[in-house]
Amino acid sequence: MDSQDISGPGDGAGPSCSELSEVLPPPPPNPPPQMETQSGPSSSEIVEVLPPPPPLPPQMAQKPPEAPRVLTKRPGQGRAGRPVKLLCNHFRVGFSNLQDSFHYDVKITGERGGIGGIGGNGVNGNGKEVVSKILCRRIMDKVKEIYGETELGGKDFAYDGEKSLFTVGPLKSNNIECIVVIDDERSSRRPIGNGSPSQIEQSKKRREDRGEKFKVEITFAAKISMKTLQAVIQGEVSDKAQDALRVLDIVLRQHASRKGYLLVRQSFFHWSFAPLVDLGGGVTGCRGYHISFRPTQSGLSLNMDVSTTMLIKQSSVIDFLLANQGVDNPYKINWSKAKQVLKGVRIATVHTKMEFKIIGFSEKPCKEQLFSMKVRSQGNQEEPPQTVDVTVYDYFVNTKNTPLQYSGDIPCLDVGRKKRPNYLPIELCEILSGQRYTKSLNTQQRTSLVEQSRQKPDERMQVLLKAMEVNAYNSDPLLKACNIKVDSQLVRLDGRVLDPPTLKFGKMEEAPRNGRWNFNNKTMVRAAKIGDWAIACFNSRIRSNEIMNMARELQQCCGRRGLVMADCLGVLEEGPQDRNRNPVDRVERMLNQMKSRLPKPPHFLLCILPERKNSDLYGPWKKKFLSDLGVINQCIAPVNMRKVNDQYLTNVALKINAKVGGLNSVLAVEFAHKIPKISMKPTIIIGMDVSHGSPGHADSPSISAVVSSREWPLISRYRASVRTQSPKVEMIEALYKPLPSGKDAGMISELLVDFYQSCNPPPNVERKPQQMIVFRDGVSESQFDQVLNVELEAIYKACNHIEAGYKPKITMIVAQKNHHTKLFPSGGPGNVQPGTIVDAQICHPRNFDFYLCPQAGPIGTSRPTHYHVLLDENDFSVDDLQILVHALSYVYQRSTTAISSVAPINYAHLAASQMQQFLKAEDLSETASRSGKAEGSVASGGGYSAPVPELPVLHRNVCNTMFFC
């Protein structure tokens, strides 16, 4: 209870005098003299001398707020491994006598709420405030042009395109107001023609009249000390340093903006950098660069990397839709999908060259869609115009004399506003260049993007050096004013190469070479046994005899690795009449066939899909057999049977063995119970990840997945707990979830109980984990504080809920894969060696972080994983922790290669992705039973008020398995 909830005497809400005598002790016999008056104490004065009320009971008393946790400091640098010379895509930044920057708030308002052809509806209708970045930048460029030498005092500025402006040194005034006029770009694109001078002047006057006045208000907000950068580089903790870095990053964006580049956060793109790459489906890949300043142990550095974004191909709208949907004529277009893809896209009309932004489509075809138009009677021009309804088709064909070939029977584009539509025939519209494609790519497009944007390390280095030369940052006036100079050469640094861990197989041990190993002449360290099993085939291109041959070869391949499989019960093939049904019905009919043809339910099913795992069948299949029936299964999608060789079948066998309870290989020190710290005390290793809906599906719930090790002292088998949560929320919401009944329905509690039940401790060693190592994926540096103070706190609460006072020691590590630091070997071609680690020079001046590249990189440029140790209550030595992280890249049961990050994080990502397919299966199904679903919970973030659907519950037969492997 808060202190203000306790009413005291004299506050108007307390008890009466008669009540006081019952609830408070009597007054002391001799009240202090200063409280008496000449006439003796009154009843109100008696109240004043009463002792204070007794203290609150412990359960009601508030604990003083704990100080927020801060990131752990680097304890030192590692020494394990052999030294190696490296290059890095960082460029040293020199600075001296840094000048303070001044931050100003910018507010831009327009007369009419913005020019539609430039910013669309880019204005808040209530206050007419401009929010379109494109328009805002044009306006501020005009401000600089007109008021640069007067109100701005000749000062250059960096503008973020929104509400912030930065200068080096202060402006002349803390409050500046400017008025500028921006021509309507739609009208300025029209040719003036070859008329007389008077006609040309009249055209120009009409253009000026069409322009819009904008009011720009610039108000002082804060002074930013750039000297905080020096403090951070020297290892001090400074919250203000991020503000200084933000200023420098905005200067870089301003530099790119003035060159006409397409800006996407800290990256910029332009088709002049490299030829556009055709990805198919009306989408092209555009080369660009990521740039950002970073504080490092060696000082400030500029990180630059090659990047690629997707653009909508410049073409007619109809050609784009045909390519995007893979159809051959306009009458086959799915207009619902078309609306999702085209909403917000800018177009120009071919007959007037005016620009608009698409908001949707008309409800009816062009020949039927009516709109109101005012017309005058031809006989009498003095009469007021009459309003008549005409179709869009008739208006363009008859009134505007614009012939239309195929638009009559398809919808029109709506380029107006929500309450005031403006319809255009599709064939008269062309998509403008330079617009990002923000929807998710299909498998073919992703493959094409990866293949065509892939660069060898040497090529990437040369491209970056050329980009530094072209951008000429040292000539930027703002960077000059800040006394900042950027070196033009890649940073040279010292790294180390860690030795690969020795792996234990069935009867032998082996150290992988170049991050790889194989199962030739080897058996699995713990091979499972599979009883009854069958094959379900949805691929009509594979014949029955080929399937049976593959079944025998798979059985033999598994046998050579130690995995014993009984004879296949039979092959279930989809009938031709079922192939055109919806995916849920197809799976249901295959299940009915299984029940009728097989003597008993199989223990394992192999499913042959007609295409890769993005097949619509994948989600319904997994939901049916993992949630409803509890049958372990493995899906494959061979391109053709000739590629189903021993290597292919071995990879399938590894996945099957892991799913049915086996282990393919483990660390030799794990098998011998000799992992430093971990083998001494019960230790649980946890991986956490959140998977968000694909681009274009902002309302899809996010999926949080947490996996944990089981069967301690082993660390190679894992179990998953998966939940839905509010869309686009990165912090995991269900780590601790107390219920009114007193139980905890959270993920951590569920995994701790599983660890307790599955571990195999030596005699006299308790089963409860005393140590936790938590790997967190998918969070940015700005979210580290939330991980430490929100998610970590939830873990502590879950532990305390299991047993009061139970608090295992936790090591919390964030793994970042989506960063832009690349490592290159110095003086040699190709990628860095597997096991390359860097924890000096380019790492943070204070915090405990390191870059590790465990994997071999035969293709393209390897990306190291950036690990940040946020907390280490287990007091690992630097070498022990780095060797452990490296070793956890070798225990991924699906693979015979070291992977780029630790296995627990990859398992969490797999579990989230697979369970997301369950939700897709629910969307595909209109008749599927929802009896296994709970009512859902209400989202708590982002203004999203619709219930978040809960995932179907996994069957008890599979919930403790590595079903996601």
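## Two helix pairs in a predicted model

M550, E553, L554, C557, C558 and R560 of helix 15 touch D646, L649, T650, V652, A653 and I656 of helix 18, where contact means heavy atoms within 4.5 Å. Sorted by class, this contact of helix 15 with helix 18 has 8 nonpolar, 1 polar and 3 charged residues. Ala, Val, Leu, Ile, Met, Phe, Trp, Tyr, Cys and Pro count as nonpolar, Asp, Glu, Lys and Arg as charged, and the others, Gly among them, as polar.

The model is predicted, and local features need pLDDT of at least 70, side-chain atom pairs count only at pLDDT 80 or more, and totals for chains, interfaces and linings use all residues. Residues are numbered from 1 along each chain as its sequence is written, and side-chain values use heavy atoms, with hydrogens and water left out.

Helices (H or I, at least four residues) are DSSP runs numbered from the N terminus. Axes are lines fitted to C-alpha atoms over the stretch in contact, and angles run from 0 to 180 degrees between N-to-C directions.

| Helix pair | Angle | Axis distance |
|---|---|---|
| Helix 15 (residues 544–560) and helix 18 (residues 646–659) | about 70 degrees | 9 Å apart |
| Helix 9 (residues 317–325) and helix 10 (residues 335–342) | roughly 110 degrees | within 11 Å |

Helix 15 and helix 18 are therefore roughly perpendicular, a term for angles of 65 to 115 degrees. Helix 15 passes helix 18 in a right-handed crossing, meaning that the near helix is turned clockwise from the far one by less than a right angle.

Helix 9 and helix 10 are therefore also roughly perpendicular to each other, and their crossing is right-handed. V317, F320, L321, N324 and Q325 of helix 9 meet W335, K337, A338, V341 and L342 of helix 10. The contact of helix 9 with helix 10 divides into 7 nonpolar, 2 polar and 1 charged residues.

Definitions and conventions. Parallel < 35°, antiparallel > 145°, perpendicular 65-115°, else oblique.
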